[in-house]
Amino acid sequence: MSHLAPSGKWDARHLGPVPHDTSYYAKCMLGGVLACGVTHAGITPLDVAKCNMQVNPAKYTGSISGLKTIIAEEGTKGIWKGFGPTLVGYSLQGMFKYGLYEIFKDAYMNLAGQEASEKYKGAIWLAGSASAEFFADIALCPLEMTKVKIQTSPAGTFPVPFGAAWAEMSRTRVETRFPFGSLVPLWSRQIPYTMAKFFCFEKIVQLFYTHVFTEPKDTYGKPTQLGVTFASGYLSGVVCAVVSHPADSLVSQLGKPQNKGKSLGAIVSEVGFGTLATRGLGTRVVMIGTLTGFQWWIYDTFKSSMGMGTTGGK
């Protein structure tokens, strides 16, 4: 299709198989809801184990043993604690993360112009993803705070049902700093994570279509294209996990009662940066790699089913 807008000027919104109009961006937002909400909610048990390993490593020494401990103490429902706020929070986050990324990416390409867009493609991916995640985290923060509190509070000390937990967070907003007390550490975890996620994904897709699948993209079937999407998503997820893990550990530490009122710097110096960077990392690499692979696969499958095409390729 033509890369020119009806006015005759080069326009990034006309680069793909379909024009990037309001309907396109709305579909991208819906694809983001499906990609993030479903996947994050589906791995709630792993998340429960990881958060408890970060907060109470003496008791929860590994993901499998941690899950066994939680099941022994609270039954199988214990490993699904926080499912509600996870589903709602990450659906909202996915909507803004993916939808706004497409909007910002097109806007920044149009600001830069055709030549600079091609030359500084990576910088545009980074700027677009960082801008999108800034807003996505504002939507996620209250729900993430509620989720962490549900998942890391000793049994019987904090409500588990979503509505009751939300009400309790609101009632104790002075001590919990609800709803935006974790926003800065969330930004410090999620913005580098999302920049790595989108940049590495776009880069790896590009490498696949440059060096492995070298024919024009439309000569490959949808399963092959979506296989490229999943593999690229998984590999980018591994990078993301390593980049964002220290801040992820810090968000979990903020949920501990004994850290109430402490500054981020004080928590880092007490726990140690090395510990924040490595504790629970193996679990998170598997979790985030799989999660990111499936997120991109769901997102591209949805886009493809809407006639909007998969990511990358000639």
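Among contacts in the chain between residues at least 6 apart in sequence, 77% join residues at least 24 apart, a contact being heavy atoms within 4.5 Å. The model is a predicted one, in which local features need pLDDT of at least 70, side-chain atom pairs count only at pLDDT 80 or more, and totals for chains, interfaces and linings use all residues. Residues are numbered from 1 along each chain as its sequence is written, and side-chain values use heavy atoms, with hydrogens and water left out.

The chain contains 13 helices and 0 strands; helices (H or I, at least four residues) and strands (E, at least two) are DSSP runs, numbered from the N terminus. The radius of gyration, taken over C-alpha atoms, is 21 Å, close to the 20 Å that the globule rule gives for 314 residues, so the chain is as compact as a globular protein of that length. That rule is 2.2 Å times the number of residues to the power 0.38. Along its principal axes, the C-alpha trace spans about 65 × 35 × 35 Å.

Of the 314 residues, 51% count as buried, where buried means under 20% relative accessible area, exposed over 50%, and partly exposed in between (1.4 Å probe, protein chains only). The accessible surface of the chain comes to about 13,600 Å², and 67% of this belongs to carbon and sulfur atoms; the areas come from the Shrake-Rupley method with a 1.4 Å probe.

Gln151 has its place in helix α6 (residues 121-152). Leaving aside residues up to four places away in sequence, Gln151 touches Thr44, Asp47, Val48, Cys51, Asn52, Lys81, Gly82 and Thr86.

Most residues other than glycine have a negative phi, and most peptide bonds are trans. Arg177, although not a glycine, has a positive phi of about 60 degrees. At 40% relative accessibility, Arg177 counts as partly exposed. A cis peptide bond joins Phe178 and Pro179, with omega about 10 degrees.
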